[in-house]
Amino acid sequence: MTLQDKVISTYRTRFKGEPEHLVRAPGRVNLIGEHTDYNDGFVLPMAINRASWIALSPRDDTIISVYSIDFDEQIEFNLTDLRQDTPSWAEYVKGVTWALQEANYTLKGWQGVIAGDVPIGAGLSSSAALELAVARASLALNNASWNAAKMAKLAQHAENDWVGVKCGIMDQMISAAGKSDHALLIDCRSLETQLAPLPTNTVVVVMDTGTRRGLVDSAYNERRAQCEAAAKFFNVPALRDLDIATFEREGNKLDDIIRRRARHIITENDRVLEAKIAMDNDDAQRLGQLMYESHISLRDDFEVSSNALNTMVEIAQTHEGCIGARMTGAGFGGCAVALVDASYTDDFVKNVSSAYQEQLEIQPSLYVCKATNGAEIIQ
């Protein structure tokens, strides 16, 4: 049974009727451009065919009543009395509702069923998928127009200021605005986007290492502060505004760690823009090379990789069908991503999985992903 069928069937059972709307919002994998988003830089993610789904109908009161299949839990709250609680999936639903009302959207009560197949904690943005699904559902009930950038900002506001996770804008933006068969170059300052076609005869494989990020929040906040310190030293609004020539001329005056953090961001922004050109030129080999250079920079300069991620990337790189590979997401665990010659897909998945398991004695999960549309109303 597909997730679409599952949320509809569960809705019928729990709410004794047919759902009026069905919405979905995807997770994402970032092809290149890591930790650049909170430096006002450039990222190149794609929305993937793993998503959060909601089957729902309006109510005639101000209650929102939602059942999560994944957590086997029902929540209920009143639009007129939103209160923060212990962090859980429910806070993402409440947080988006709060952010929409803060932005003067008039909301209706609704009842619905939620399910998703974006792995939680793997760095594939399960939280953004849920946030944008809730936003899409809320607006569907009110026939309100969908503005992807505006909804992404509101979802980020919910995660930053209600849930308390200081994420950048990338995850919400790609979940809101993704396009089938394309990645999306996002300028994280202006939120302008450009479609980037995936190279012909290639597939994107997400490689879940089976490890989960540990104390990532403190490390993330530390990296963010280090980037801000570097921007302050160079007297620029963000590292996005610093060119490599100026950095190389003056960077030796910085503390070594801060210098290496800044070097990653500056060179990563350049790699993202080069990757867009490579994709426009259908140059898979150049894109793959840039992905691997990104991994080395994340491993050595930004120091957010891990043994599991490095091992997965190295094993992938040795396969003859691999064009490029890198860690993806915040780091310290989670997933890597590979660009693979489509004719080697099955062999790549089989052999990389077995080699990784043999080397680390951890069972990985490899997903062949298609680029999909962002948040949308299915019915």
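Helices (H or I, at least four residues) and strands (E, at least two) are DSSP runs, numbered from the N terminus. The model is predicted: local features need pLDDT of at least 70, side-chain atom pairs count only at pLDDT 80 or more, and totals for chains, interfaces and linings use all residues. Residues are numbered from 1 along each chain as its sequence is written, and side-chain values use heavy atoms, with hydrogens and water left out.

**View 1. Asn 39 in the loop between β1 and β2.**
The loop runs between β1 (21-32) and β2 (42-58). Asn 39 has a relative accessible area of 4% and is therefore buried (under 20% relative accessible area; exposed is over 50%, partly exposed in between; 1.4 Å probe, protein chains only). Not counting residues up to four places away in sequence, Asn 39 touches Cys 227, Ala 238, Leu 239, Arg 240 and Ile 265. Contact means heavy atoms within 4.5 Å.

**View 2. Gly 251 in the loop between α7 and α8.**
Gly 251 counts as buried because its relative accessibility is 1%. Leaving out residues up to four places away in sequence, its contacts are Phe 234, Thr 246 and Arg 259. Ala 262 is 11 residues from Gly 251 in sequence and 8.7 Å away in space, C-alpha to C-alpha.

**View 3. Val 93 in the largest nonpolar core.**
A nonpolar core is a set of buried Ala, Val, Leu, Ile, Met, Phe, Trp, Tyr and Cys residues joined through side-chain atoms within 4.5 Å. Leaving aside neighbours within four places in sequence, Val 93 is in contact with Val 66, Ile 75, Phe 77, Ile 114, Leu 130 and Val 134. Apart from this core lies another, of 37 residues, including Met 207, Ile 258, Val 313 and Ile 315.

**View 4. Helix α9 against helix α10.**
Helices α9 (residues 284-300) and α10 (residues 307-318) pack at about 155°, axes 12 Å apart. Axes are lines fitted to C-alpha atoms, for helices over the stretch in contact, and angles run from 0 to 180 degrees between N-to-C directions. The pair is therefore roughly antiparallel (over 145 degrees; under 35 is roughly parallel, 65 to 115 roughly perpendicular, the rest oblique). Tyr 292, His 295 and Arg 299 of α9 meet Leu 309, Asn 310, Val 313 and Gln 317 of α10.
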